[in-house]
Structures are given as structure tokens and as C-alpha cells.
Amino acid sequence: MDAKSEKSNLIAGETGDWEVIIGMEVHAQVTSNAKLFSGASTEFGGEPNSHVSLVDAAMPGMLPVINEACVAQAVKTGLGLKAEINLYSVFDRKNYFYPDLPQGYQISQYKNPIVGEGEVIVDLLSGERVIVGIERLHLEQDAGKSLHDQHPQNSYVDLNRSGVALMEIVSKPDIRSSEQAKTYVSKLRTILRYLGTCDGNMDQGSLRADVNVSVRRPGDELGTRCEIKNMNSIRFIGQAIEYEARRQIEIIEDGGTIDQETRLFDAKTGETRSMRSKEEAHDYRYFPDPDLLPLELTQDFVDEIASSLPELPDEKRARFIADYGLTPYDADVLVAERESVDYFEDVAKGRDAKQAANWVINELFGRLNKEGLTINDSPVSSAQLGGIVDLIKAGTISGKIAKDVFDIVWSEGGDPAEIVEKRGMKQVTDTGAIEKAVDEVFAANPDKVEQAKEKPAMAGWFVGQVMKATGGKASPQAVNALIKAKLGIESR
């Protein structure tokens, strides 16, 4: 990070500048059909307690059995984060009481996680690039869910999530602003979706983040951190960090000290509030789970997973810039979602990639955003959009007519070539017909003709008039060339 970007990330207080230090613990639900230690379904949205095995409910005598598919997904994620894969890892019991934790402990990993250090490269809109280190990734089981709004006096417990496999991805405290934090979570979610190891649906709880925030004077030792729990919105993560950093700065500047604690974010007020004092690791009394042997992987197992990795966002971005000549911004927009990039590559295949990118980003994405749709809901298929691009390249239609064709395909469907043919939308390339339109415009505006001969820039006005007269069907290139020739300014 350069000195300029470091300066821009500082927060001005009453007594000078402050730096916010952010680390994140992202809990990503593993994409699998069954839970981490049982065969119960992981499907979202079932009736309460309909996806619960005897193991999940912690019935006496029930023993956990590791789900190999979840292990493979964790390894795949580690490889996607360019992280060290630990061939030896241990499952521990993390002991604490909570009503929706039937066992009275959570099976997790502590000193020996399945994945070690890695990194996530974060590209910001400003052009700044930040490398966020990954401390570790470990597997653990999720708890159930307490329901407090079903009865005026009682709370209920739904154990459908109990035992679902989670990957806890712990970053190093390398993040220095709310913008970096939001972009980091977004990038991490994109990587997980490319890998197919987590669907990243934050609204369904598949991806949640605990955000550790502290402040310090630039260059000082790290300050006392507070943890904001269970953030399930990228926008709220940004708001929570902004509020919490300001809160801590004000306390310190008023002569107070920061208590290490766990806090919650209130989306209605935009504020964080105290939940409980922060536990240390020893408070959980971690010890190896006696019902589970250490997890020992072979290098062949890891290598086989590595050989099946898809091309990831950073590699796609670099390829689009190098091979297609796209701008870094356009490449970033296209690789943000796997479905979007697949759509673009279908359109770009065998065509001008820059033109394909313009149509996908400006016309398609613009219309999808306006209508509140995702790429999966697009009424215009990649084959249809590719057909429109083909018609432009062939000179059959102009860019302006192409937008009309796009609107028709969006609203009514159909083959672009057939639409153009049946509706008489073909571009006029007959120079005789175009010349006639040019002559008529010239005859109607003799004063402007004389002015244009002296001021060649006025030729553009005539191009607009001729295009208007031909209903936008005339070839703009042919119109431009004819007008310049008639005005005698083609060589200027």
C-alpha cells in the first residue's frame, strides 16, 4: 500500500489522525447435501426441526462420523485462497452453553486447522490493490437457531442448522477501512462461488462475518479490539465499522479505555451495542474430541482436488486484460459473479471481445439493474446478444438500431436476425439512397453548407440530420464519408 492510500484511510479525530485496524472471521456454510457429522439434509427453508438426525440433536450414545465431501470442500477452498493445506488436523470440543447447542459444546478446530495461511487480493475502485492475509481456515459445525418471536412468553429452538458444516475463514488484521472490508468480503464470496464450496447467500445465513475493529495512532501498537457478531450484509458491515471506529476514537480522546467485548450491530439505528465481554480461548476449555480421530490427508487427495480447480477471478481478470484488451474496471465488473463471466464468455467467443463487453456491461447489466433482475433471470440469452453483435459487425444494422433490436428481444424474445428481416430494420448501405438523403438535407440548409465548408466540425450536424431523415437506418460511416466529400473537407 502506498503512502497516499495509507493517508486517505486515516480518520480525523479531535486530537489528530487515527487508523482503524480490521480483521474478519467469515463463517461460510459448506455446499454439501449432508451435514458435517451426520447424514441429515442441509437444504434451506425446511419446516423447523425437519432436518435433524439423532446426532444433531445430541441424543445419548450418538457418535459423529466425518463427511468426506465437506473435507474436500474445505481443501478446495484453501487451494482457492492460495493457502497451505495441512495434511494433519484435529477436531476439538469448544465448550459453552447456549439453548440451541444441544451437545453443550461445538465440534471445531483450534490449534491444528485443516488450512493454514493464504491470501485474498482486493482491488478497489480507486485502483488501489490490497493483499489481505488469511490466518487459517477451519471446519466446524453450526449451532441451531433460537426463535423469540413465535410465542409471547416462550422461546423455541429450530435445530435444522445444527451440525451444518461451516468453514471459518480468519483474516489477518490487514484491512484498513470500511471500503476495504466490504470489498474483501465481496471478493471472498466471489471466490467461494467460483469454487462451488459455498453459495454465499448472506440473506439465508450461508455467509456471515464477525468483524474485529480497533483503532490506533498511525504506527502505534495495536489497540484493544471489539468484535461485531453475525453480520449478514456487506452494506451493514461498512456501516458497523464506520460507527465502531468513531465510537472508540471518541472514548479514547475523552480519556477512556476500550473494553474488549462482543457487540451487535443495530441496522435500524446504524449503531453497535454491547452484547457481552469477549471470551478468551481458554474460557472455552478446548480439548481434542475423543469421538473423532485426527484427520490425516494424503498429498494425492489434495493434488486430485487441485487438478479440478476452475479458473478463479484473479486469473480470469488478468486474462481478460491481456488477451481481450479490456480495461481493469470492465474486467472487474465481468468477473464479479461466475454466472456473469460465463455469459460474457459465451457472447465474446469468436467475436470482438471489447464490443461484447460493452454490450454485456452497458446494455445488459444496465437493464438488469434497472429491472432488479439477476443474470440468471435475463430475458436475453447470450446467444441472442451474440446475434445482435454479429449483425452490427456484418453492417446489417447500426449501433442505434441494435439498441432497438435489443429492446424487442428483451420484451418479446425471438431471433435478432429474423426480427431485423421481418421488421425492415436493416441498415441502408446503398450509397445512391444515402446520397439522395444528403442532397435533400443540403438543399434545405444552404446557409449551413457554406458555414460547414469553413468550419468542418459542423459536418456532424449534417450527419445527425441525414440519420434522422433515414430513420436511423443509414450507415453512419457512409453518411459521414459522403458529407465530407460533398463539403470538400475529407482531407482535412
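A residue counts as buried when its relative accessible area is under 20%, as exposed when that area is over 50%, and as partly exposed in between. The structure discussed here is a predicted model.

**Arg 367 and its partners**

Arg 367 has a relative accessibility of 18% and therefore counts as buried. Its side chain takes part in a salt bridge with Glu 371, in which the closest N and O atoms lie 3.4 Å apart. Both residues belong to helix α9 (residues 353-371), where a spacing of 4 residues separates them by about one helical turn. Glu 371, at 40% relative accessibility, is partly exposed.

Arg 367 also meets the side chain of Asp 407 in a salt bridge, with an N to O distance of 2.9 Å. This pair links distant parts of the chain, since Asp 407 lies in helix α11 (residues 399-412), 40 residues apart from Arg 367 in helix α9. Asp 407 is partly exposed, its relative accessible area being 35%.

**Other salt bridges**

The count of salt bridges comes to 30. One of them joins the side chains of Arg 319 and Glu 345 at 3.0 Å, N to O. Here too distant parts of the chain are linked: Arg 319 is in helix α6 (residues 313-324) and Glu 345 in helix α8 (residues 338-348), 26 residues apart. Arg 319 is partly exposed at 23% relative accessibility, whereas Glu 345 is buried at 18%.

| Nitrogen side | Oxygen side | N to O distance |
|---|---|---|
| Arg 319 | Glu 345 | 3.0 Å |
| Arg 367 | Glu 371 | 3.4 Å |
| Arg 367 | Asp 407 | 2.9 Å |

**Strand β7 and its neighbours**

Strands of a sheet pair through backbone hydrogen bonds, in either a parallel or an antiparallel sense. Strand β7 (residues 129-141) has 10 of its 13 residues buried, so this strand is largely enclosed by the rest of the structure. Strand β6 (residues 118-123) runs antiparallel to β7 and is joined to it by 6 bridges. Within this pairing, Val 122 has Val 130 in β7 as its bridge partner. The hairpin of β6 and β7 has 5 residues between the strands, and Gly 127 in this hairpin takes a positive phi near 95°. Strand β10 (residues 165-171) likewise pairs with β7 in the antiparallel sense, over 7 bridges. In this pairing, Leu 139 stands opposite Met 167 in β10.

**An open sheet of three strands**

An open sheet is formed by 3 strands in the order β5-β4-β15, with antiparallel pairing. β5 (105-108) and β15 (287-288) stand at the edges with a single partner strand each, so one side of each is left without a neighbour in the sheet. Strand β4 (residues 92-95) is joined to β15 by 2 bridges, and Arg 93 stands opposite Phe 287 in β15.

Conventions:
Residues numbered from 1 in each chain as written. Predicted model: local features only at pLDDT ≥ 70, side-chain atom pairs only at ≥ 80, totals over all residues. Heavy atoms only, no water. Buried < 20%, exposed > 50% of the residue type's maximum accessible area, 1.4 Å probe, protein only. Pairing = 2+ DSSP bridges. Salt bridge = Lys/Arg side-chain N within 4 Å of Asp/Glu carboxyl O.
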